[in-house]
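I opened the notebook to record what I looked up in this structure. The entries follow the order in which I checked things.

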Amino acid sequence: MNPTAPIDHLITVEDWPPSRLEALLSRARALRSGASPRPPHTPAGLVHVFAEPSTRTRLSFERAAGLMGVRPSHLDAASSSLVKRESLADTGATLEAIGYRLVVLRHNVSGAARALLAGTRGHLRVVSAGEADRTHPTQGLLDLLTVLDHCPRFPDVSVAVFGDLAHSRVARSTLTLFSLFGVRDIRLAPGPFLDRLEPHDYPGAQRLGSDEAASNADILIALRLQQERWSTPPHNLDHYLEDHGLNERRLALARPDAIVLHPGPLNRGVEISDAVADGAHSLVLQQVANGVWIRLALFELFLS
Ligand code: CP
């Protein structure tokens with residue numbers, strides 16, 4: 001646990017002790033099985049601030065709020081006073097003064113959540129919905145829930161990760177959680193992104209070739225190639241799937257009962273083939289569905 005982080009925010013997965021993360025997973029399972037969500041305090045004071053595009057995170061937070069009977073306000077950064085150069089700290093102070101008590105924040109700047117809190121007086125809490133290339137805690141938690149649903153050997157599993165590891169907030173959060181819950185065999189297949197990784201990125205993980213990483217793996221994770229974060233492509237994208245991505249040939253190297261994850265959005269034919277994305281091993285849509293239950297369990301903690 002990060003000792004400097006207040007427990008009442010969720011900005012990185014390290015903010016909370018494992019016991020609290022386990023309790024959240026357990027509550028998410030109960031809600032998925034039909035438990036009634038606890039009613040919110042009135043007024044709930046929830047605002048969603050999205051300064052980057054999103055489909056599944058944004059809508060699953062909205063759906064979770066709706067299941068609790070809460071109607072969040074929405075601040076689309078592109079039509080807010082942020083475009084008039086208002087600082088994040090002043091935006092946070094303004095949201096708090098209006099009466100909001102919880103912000104769900106997606107932002108493309110590392111440190112945005114802490115910057116938003118810098119101007120507040122302790123009445124506003126933040127849940128990250130993905131920040132820059134650094135952190136996406138609710139995605140990590142929904143990935144962990146999905147894996148726990150399907151991998152009875154967990155944490156004695158081999159995890160292989162393919163794609164743009166240099167820019168993946170999902171991989172940072174998901175693999176940190178996997179390590180925290182006891183996974184020891186984490187294999188990175190960064191391919192042409194190897195040169196863009198820092199030496200200290202993903203401590204404890206091996207860096208391997210793509211075929212070697214896939215060999216006898218239990219869990220295969222494909223990551224989107226985040227072209228919006230590059231100035232130059234590291235590889236001819238027409239050849240990326242065959243050379244480094246998750247295709248049927250590479251999946252066949254893994255264990256017969258291997259599972260396939262992808263956080264979405266998918267770039268089909270780039271980092272993952274249609275056959276793998278839609279095949280029997282794929283849990284992509286189960287990840288999306290689990291996102292609602294993780295976010296509902298979180299809202300209960302913050303709003304009930
Ligand atoms: N996985 C994820 O964060 O997807 P969105 O960008 O659609 O929210």
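I started with asparagine 216, which is exposed at a relative accessible area of 51%. The cut-off for exposed is over 50%. Asparagine 216 sits in the loop between α7 (210-214) and β8 (219-222). I had picked asparagine 216 for its phi, which is positive, near 60°, in a residue other than glycine.

I noted the background for this: most residues other than glycine have a negative phi, and most peptide bonds are trans.

Arginine 85 also went on the list, with a positive phi of about 75° although it is not a glycine. I found arginine 85 in the loop between β2 and α3. Its relative accessibility is 78%, so arginine 85 counts as exposed.

I then looked for cis peptide bonds. One runs from phenylalanine 154 to proline 155, with omega near 15°. Proline 155 is placed in the loop between α5 (137-150) and β5 (158-162). Another cis bond joins glycine 264 and proline 265, with omega about -5°. Proline 265 belongs to the loop between β9 (259-261) and α10 (274-277).

**Confidence**

This is a predicted model, and I checked its pLDDT before going further. The protein chain has a mean pLDDT of 94, and 98% of its residues reach 70 or more. Residues 1-6 have a pLDDT below 50, and this stretch makes 10 contacts in the model beyond near neighbours in sequence. Where pLDDT is low, the predicted coordinates should not be read in detail. I left residues 1-6, with their pLDDT below 50, at that.

**Helix α3**

Which residues of helix α3 (residues 88-98) are buried? I listed Leu88, Thr91, Gly92, Leu95 and Glu96. Looking down the axis of α3, I found these buried residues within an arc of 135°, so they line one face of the helix. An α-helix has 3.6 residues a turn, so residues three or four places apart point the same way. On the other side of α3, I noted Ala97 and Ile98 as exposed.

What do the buried residues of α3 pack against? They pack against β1 (46-50), β2 (73-76), β3 (102-107) and α4 (112-118). Glycine 99 follows α3 and has a positive phi, near 120°.

I also looked at serine 81, in the loop between β2 and α3. Serine 81 is partly exposed, with a relative accessible area of 30%.

**Strand β3**

How many residues of β3 are buried? I counted 6 of 6. Leu102, Val104 and Arg106 are buried on one side of β3, and Val103, Leu105 and His107 are buried on the other. In a regular strand the side chains alternate between the two faces of the sheet.

I next checked the strands that pair with β3. β1 and β3 run parallel and are joined by 5 bridges. Valine 47 has valine 103 in β3 as its bridge partner. β3 also pairs with strand β4 (residues 125-131) in the parallel sense, over 5 bridges. Here the bridge partner of leucine 105 is serine 128 in β4.

**Aromatic rings**

My search of the whole structure gave 4 aromatic pairs. One of them is phenylalanine 61 with phenylalanine 299, a tilted pair at 5.6 Å centre to centre and 55° between the planes. Phenylalanine 61 lies in helix α2 (residues 56-67) and phenylalanine 299 in helix α11 (residues 284-303), so the pair ties together parts 238 residues apart in sequence. I found both phenylalanine 61 and phenylalanine 299 buried.

For phenylalanine 193 and tyrosine 240, I noted ring centres 6.4 Å apart and planes at 65°, so this pair is edge-to-face. Phenylalanine 193 is in the loop between β6 (185-189) and β7 (206-207), tyrosine 240 is in helix α8 (residues 237-244), and they are 47 residues apart. Phenylalanine 193 counts as buried at 0% relative accessibility, and tyrosine 240 is buried at 1%.

Last, I looked for charges over rings. The charged end of arginine 295 sits over the ring of phenylalanine 61, 5.0 Å from its centre. The charged end of arginine 58 sits over the ring of phenylalanine 50, 5.4 Å from its centre.

How values were computed. Residues are numbered from 1 along each chain as its sequence is written. This is a predicted model: local features need pLDDT of at least 70, side-chain atom pairs count only at pLDDT 80 or more; totals for chains, interfaces and linings use all residues. Side-chain values use heavy atoms; hydrogens and water are left out. Rings of Phe, Tyr and Trp (its six-membered ring) pair if their centres lie within 6.5 Å; planes under 30 degrees apart count as stacked, over 60 as edge-to-face and the rest as tilted. Helices (H or I, at least four residues) and strands (E, at least two) are DSSP runs, numbered from the N terminus. Buried means under 20% relative accessible area, exposed over 50%, partly exposed in between (1.4 Å probe, protein chains only). A charge sits over a ring if NZ of Lys or CZ of Arg is within 6 Å of the ring centre and within 35 degrees of the ring normal. pLDDT is the predictor's confidence in each residue, from 0 to 100. Contact means heavy atoms within 4.5 Å. The arc is that of the directions from the helix axis to the C-beta atoms. Two strands pair if DSSP finds at least two bridges between them.
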